[in-house]
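Here is a short briefing to read alongside the model.

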Amino acid sequence: MSNPVRSLASRVDWRKVFAVIGLEDPRRSDLPQSMLCPLCETGETGMLTVMSDQVLHGQWFHCATCQFAGDVIEFAARVLNCSIEQTINYCDSHKLFETSLCDDDVATYQSQQVQYRARIKKFWETAKRAPAQSSTMGTCGRLLLRRYSLQDLIYRETWNSRGGQLFGIAERQEIENLFAPKSFEIQERVNRQGQTSRRRGGGPGNRRVFSGGDWDEVLVIAHSDLPGRVVGFTFIGRDFDQPEVTFKRVNLGCCVSRPRESGFGFLEAVNGIPHAALGRHVFVFLDVEIASLLHARHFRDGIRPLPILLAKSTRDVRPLSLPPDLADCKLIFCGPQMETLPLAKAYNGLVSMYSVPELEIQENLKHRSSLMFLSLFQRRAIPWTEALRRQLSTAPKAHVEVLLHSLQLSPHESEVLQRGLGGVEGERFAEVTPHRLRGKQIPVGPFTVEETKEGWIARKSGTEQMICSYPIRIESIYKSVTGNVAYHVAVYLPNETFRFIALARDLNRATLFDMVANELRDQSHEHLAFARHKWAKQSLSLALEFSEPQMIPFADRVGWNAERMRFQFPQFAVLSTGDVDSTPMPVVPECGPIPAADLSPPVPSRQAAEMLSQPTFATGVIWALAACVAHNLLAGNCTRQSIGVILDGPFAQETGGKVAAALGCGCADVQDRRHQSVLKSISTACGAHDFPTVVNFGFPSKPDVTTDWIDDPHIRHAILPLPSHAAIAVALNHGFVRLRSHEFPVPLGSLASAAGWIIPSYLADLCRRKKLMDFPSPHCELVSVLHDMASWFERNGGNPKAALRAESVLTFDAIAPARAFVELIEHLQSNQEIACGIRSEMDAANSKVPVAVIVPVSDDGQSDAIQVRHWVINEVLRRKRVLAIQMDEVQTDLEFHSAMRGTIENDEGITWLIDAGWWKQVSTAVRQKLRPTSTSKATKVSNDGPSEYEYHPAHRPCVSNSTP
């Protein structure tokens with residue numbers, strides 16, 4: 001696999017796909033992570049592992065139980081039980097792709113990704129089953145199995161549980177048809193005289209796997225980079241006594257550039273629990289004979305293979321990175337040090353000094369087990385730097401030059417390694433270094449561009465040409481939400497490394513050399529000498545070839561950045577360790593106001609703690625909104641999903657809007673939406689950052705709050721000031737909280753500056769403690785954040801009761817829908833939208849508004865119950881262009897409180913019978929909450945706790961040790 005094209009699956013956010021296909025939002029955004037597999041249909045549910053795909057720049061999903069393996073589009077297709085094309089159209093209809101799609105994108109993805117991988121997987125499964133089907137296997141295949149001591153395992157059950165895990169048998173024609181279709185077909189071919197003749201094998205000869213004749217059945221070994229994805233094959237065959245080994249890479253993406261990566265063979269052998277005798281060590285062999293013999297010998301005694309990998313490494317082909325689940329393993333490279341040292345340096349592994357010929361292993365395997373041989377390799381393993389030191393002290397100079405050339409050291413790495421060696425080895429390294437290539441070699445037409453300490457040099461037929469005087473590298477590529485790109489450029493000067501950010505749009509007007517020269521001249525007063533014309537135009541591509549930079553998406557997103565493990569603010573960043581990076585955001589958003597632009601780095605502030613400890617309605621709203629903001633910032637890392645905030649009441653809307661701005665929340669004005677719908681305008685503004693966004697509807701705007709609002713995940717990043725009837729109707733859905741306060745608005749004054757201190761300081765303390773909250777149930781996440789903030793506030797000299805009083809401001813209508821239903825009726829009655837009371841037939845005829853609550857006057861034994869025509873409420877809400885509420889949940893909650901006495905069915909519909917005592921108690925509590933107090937009395941807060949009908953969790957947040 002070499003530089004494949006960017007997969008279509010990398011253009012969608014896998015967490016948004018989870019929300020669209022109806023799966024639970026993952027708790028974290030960093031990879032890898034595991035969760036219960038929704039695809040397992042057997043009695044045992046497996047674990048689905050989501051891994052980062054470093055090659056195709058997406059994610060890879062794998063479940064060992066149901067054997068599913070694929071990208072996010074294939075996973076969504078399996079969950080939805082749809083075809084790939086239908087799944088792509090479904091995701092495109094929900095605006096999940098970064099850019100618009102065309103027909104070629106879908107066709108290319110299906111042919112070069114899905115269908116090609118399916119053919120490769122089908123071939124490998126057939127090859128693994130072939131030895132167990134003795135009737136279809138020829139003499140050549142039997143001889144190959146006998147050579148590698150696998151002939152005793154070809155019985156069906158034995159082979160499927162042992163040798164079939166790692167080895168297979170296939171015919172030459174089957175392999176050629178896989179990689180070079182039509183190679184063996186009879187086709188018309190034109191000779192040099194222009195005459196045509198029908199001959200066999202008119203297909204693409206240059207792409208054939210095998211050259212020459214005498215190839216029949218071959219032994220097949222698969223190479224992988226991720227579980228369930230094959231990226232190459234090793235084929236052994238042709239001659240039994242001296243078999244020939246051929247490697248063929250799987251070209252995902254059909255890239256025609258030169259091969260670079262191959263993957264690891266026997267990768268399935270190292271998945272799972274480590275061996276007790278070997279610990280977390282994985283042995284990487286470069287000799288296919290030795291690796292195969294050790295595996296085959298071990299299969300005689302056990303079913304589980306040993307942690308042995310096979311690496312294909314030549315000048316143009318090198319292994320891929322190991323899967324993320326093996327990142328904590330220590331690799332031991334076994335083989336010639338000229339080949340193992342570069343690999344050990346790339347993976348920071350060990351080099352085994354023990355070497356034994358293949359023939360000796362083959363003879364001694366009759367008496368020794370494979371585990372005994374591996375223990376010998378393990379005992380003689382040393383760090384790669386120590387192995388390099390020994391080579392520098394004993395090997396000839398020419399040998400050292402070749403070895404250092406294969407290490408592909410950059411100038412900076414050479415200097416660090418030379419200082420670390422010291423002594424005679426350091427002197428010899430410094431003596432050899434000027435005469436060898438210090439970095440990579442990049443072929444550019446007839447030239448070979450080399451990176452040295454003195455810069456880039458182009459060589460051609462013994463001649464040299466200086467391209468630039470300093471090495472230049474691209475360390476990171478930052479990609480914005482809107483698709484803009486910026487490069488983190490590093491220039492290696494003789495005594496320091498100079499770094500700066502270069503925007504891609506600026507590089508379109510000038511070359512990388514021009515920009516580097518200007519930056520050096522303005523800031524470091526250094527001069528960059530470079531060749532113009534051809535090399536200047538290719539400067540950016542050369543820097544990218546030398547660098548292999550890290551791709552960092554959503555670099556302008558204010559909030560949690562999983563790629564860099566930090567909370568990013570416009571002017572600073574809070575690292576996962578709790579430290580503060582004062583470097584501003586690498587890519588500044590181009591559209592709209594930037595949230596948290598006025599926030600300062602976290603510092604202790606006794607004055608802010610004292611001001612926020614005052615028991616006022618303003619501080620209650622501040623702490624309530626601060627908990628919501630912190631919850632949404634943590635949503636990308638530790639909580640299940642973000643939560644939308646509904647502002648209900650004049651105090652909550654006016655004062656709460658000012659508090660949100662002081663906390664760093666952005667603002668979206670839907671009046672200036674440029675022919676977009678209100679929902680589309682809100683979704684665009686709220687989806688850009690993790691910080692919640694206050695939506696300013698304006699007086700003329702009267703949006704229709706429909707079910708589309710609830711389905712849009714970006715609405716849960718919004719702070720919506722809504723009328724009371726719309727606020728209750730929206731907040732009754734899960735994922736929303738209503739901030740309710742009907743007091744008179746008051747100015748914030750100096751509390752605004754104190755509010756801006758909360759979020760950065762709390763996040764820094766949370767990261768410093770390296771603890772994230774573990775929530776017993778999804779509905780108590782916000783309250784758990786609030787309790788943790790109160791504990792942090794107390795440690796900083798504040799009054800925790802001031803923060804905990806915010807619970808009386810927050811209303812969880814989705815948890816107590818019956819109480820919210822009563823409040824909605826009381827509000828509609830106060831606005832004369834409905835009538836409540838005793839109704840006679842004459843009153844019904846003359847009534848201008850519908851009657852929702854009726855006290856029965858009949859003597860049927862139900863005088864202590866109230867009739868509620870619940871369907872009237874949804875009719876009123878529809879007339880006011882508000883979505884209907886779910887009456888089923890309200891009825892369930894009434895039954896839970898034993899308030900539902902029964903139902904009556906008549907011509908108008910079904911009427912609820914609700915306990916009159918319960919209704920009176922709840923409606924009285926609601927009226928007290930809805931009654932505003934004067935401004936002078938608004939500085940006091942009642943110490944009374946919430947009523948039994950309000951949500952009041954009686955637990956503290958559980959805490960688990962985990963790095964954010």
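Helices H30 and H33 are roughly perpendicular to each other, a class that covers angles of 65 to 115 degrees, with under 35 counted as roughly parallel, over 145 as roughly antiparallel and the rest as oblique. This is a predicted model, in which local features need pLDDT of at least 70 and side-chain atom pairs count only at pLDDT 80 or more, while totals for chains, interfaces and linings use all residues. Residues are numbered from 1 along each chain as its sequence is written, and side-chain values use heavy atoms, with hydrogens and water left out.

**Helix crossing**
- The axes of H30 (residues 817–830) and H33 (residues 887–896) cross at roughly 110° and come within 7 Å; axes are lines fitted to C-alpha atoms, for helices over the stretch in contact, and angles run from 0 to 180 degrees between N-to-C directions.
- Helices (H or I, at least four residues) and strands (E, at least two) are DSSP runs, numbered from the N terminus.
- On the H30 side, Pro817, Ala818, Arg819 and Phe821 meet Met887, Glu889, Val890, Asp893 and Leu894 of H33 (contact means heavy atoms within 4.5 Å).
- That contact has 6 nonpolar, no polar and 3 charged residues, where Ala, Val, Leu, Ile, Met, Phe, Trp, Tyr, Cys and Pro count as nonpolar, Asp, Glu, Lys and Arg as charged, and the others, Gly among them, as polar.

**Second largest pocket**
- The second largest pocket holds about 1,300 Å³ of space; a volume is the space filled by probe spheres set on grid points, which are joined across faces, edges and corners.
- On a 1 Å grid over the protein atoms alone, a pocket is an open set of points where a 1.4 Å probe fits, with protein on both sides within 12 Å along at least five of seven lines, and lining residues have an atom within 4 Å of a point.
- Its lining has 48 residues, and His62, Gln67, Pro227, Gly228 and Glu268 lie nearest the centre.
- H4 gives the most to this lining, with 9 residues.
- By class, the lining divides into 25 nonpolar, 13 polar and 10 charged residues.

**Aromatic pairs**
- The structure holds 32 aromatic pairs, meaning rings of Phe, Tyr and Trp (its six-membered ring) with centres within 6.5 Å; planes under 30 degrees apart count as stacked, over 60 as edge-to-face and the rest as tilted.
- Phe18 and Phe75 form a stacked pair, at 5.6 Å centre to centre and 20° between the planes.
- This pair links distant parts of the chain, with Phe18 in H1 and Phe75 in H2, 57 residues apart.

**Positive phi**
- Gln67, a residue other than glycine, has a positive phi near 65° and sits in the loop between S3 and S4.
- His533 is not a glycine either, yet its phi is positive at about 60°; His533 is in the loop between H17 and H18.
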